[in-house]
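Subject: Structure handover

Hello,

Here is the structure for you to look at. My notes follow below it.

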Amino acid sequence: MTQIHFRSLDLNLLRVFDALTEEGSVTGAAGLLGLTPSAVSHSLNRLRHILKDDLFLRGAKGMNPTPKALALAVPIRRALVDIQQALNGDSFVPEKTDRRFSIACGDYVTAVLMPEVIARFRKAAPLAELRIQPVGAVMKELDAGRIDLAMGGFERIPERLASEPLFADDMVWVMRADSPFANRQPTLEGLAALPHLAIASPDNDRAVSGIVSDAGLERRVVRDDPRILDQYFEERGLRRTVAMTAPNPIVAMAIVAECDLAAMMPRNLAEAFAERYKLALWKPPHPSALFQISTVWHRWHGDQPAVDWLRAMIRSVAEERMAAATS
């Protein structure tokens, strides 16, 4: 096995390695580090020589890490975060930081909370960058320290993550406000007579009982199982008609606004867009469980002043939104 002489290793090479892992391209890594692509390529070649491995190979979608690079990615990222944390200490000044913050969340949380979070973030930290990314394989990103926080409907949470509840939500039925059916509080029979628009995201195909499992982190992606809803109608001698399916609730509301379909979705999301799309909201005439939205972060590198500041901002926005909804 090749022994690396650590004292002679340029730690900037590790920053280049980490940027290549995050961006997946020489150009992206160069932009992240403020270097030229040729400087990044030169550093990569030096690392290849030192580690006796190609590390990244060109593919159709960018630079693909080799098995050795994959094995090194998390330890190197963790070490760089620890170094940054040690150098910064407890000093964090939002208006002076140029830090990149990364949050993973789905369409629902993005639409309900993030507009206000982003407005406050830009005002408090004008030099910083806030990156919002999908909540897909979030455990890998949290373990690697590439995202600071994830938000969603989490069920089981691994011990290496910390969590904080944000708010609870329930489901409502929505329909365009000028529909002839919109002024009636629907009965189950009346609801069954309407054509329905179902919502099924790509995650639904991977879900088991409405939950996607990701390396021990369980995330709820189906808030009301359509099979349970169908069964509830059938037990009362009714049958509902699903006329179409949309990939997310925001698309669903835009469609419902133009036709006489009814769709079920989270109350806070429906209320956020009700005026824009001219929607009427109904309380379901059938059982519908509450669901909890939480924030999770990694205990190894998530407990630092900058991340604490961001969590406090998100928590404040969530608390104010819930207070306004119940007033």
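Which residue in β5 is the bridge partner of alanine 104? It is alanine 150. Please note that this is a predicted model.

Strand pairing around β5:
- Strand β3 (residues 100-105) and β5 run parallel, joined by three bridges.
- β5 also has three bridges to strand β14 (residues 291-298), and those two run antiparallel.
- Alanine 150 pairs again here: its bridge partner in β14 is valine 296.
- Within β5 (residues 149-152), Leu149 and Met151 point one way, while Ala150 and Gly152 point the other way. All four are buried.

Next, the cores. The largest nonpolar core holds 59 residues. Tyr108, Leu113, Met151, Leu166, Phe167, Leu310 and Ile314 have the most contacts inside it. Helix α12 (residues 305-326) supplies the largest share, nine residues. A second core is separate and has 22 residues, including Leu14, Val16, Phe17 and Ala69.

Phenylalanine 167 deserves a line of its own. Leaving out residues up to four places away in sequence, it touches Tyr108, Val112, Leu113, Asn268, Phe291, Gln292, Ile293, Ala318 and Met322.

Ile293 also comes up with arginine 220: their C-alpha atoms are 9.7 Å apart, at a sequence separation of 73 residues. Arginine 220 sits in strand β10 (residues 217-220). Its relative accessible area is 25%, so it counts as partly exposed.

Last, the annotation. An unreviewed UniProt entry lists residues 9-66 as "domain: HTH lysR-type". In the model, that stretch is 62% helix and 14% strand. Its end C-alpha atoms are 21 Å apart.

Best wishes

Technical notes. Residues numbered from 1 in each chain as written. Predicted model: local features only at pLDDT ≥ 70, side-chain atom pairs only at ≥ 80, totals over all residues. Heavy atoms only, no water. Core = buried A, V, L, I, M, F, W, Y, C linked by side-chain atoms within 4.5 Å. Buried < 20%, exposed > 50% of the residue type's maximum accessible area, 1.4 Å probe, protein only. Contact = heavy atoms within 4.5 Å. UniProt positions renumbered as here; feature names shortened; annotations may be inferred. Pairing = 2+ DSSP bridges.
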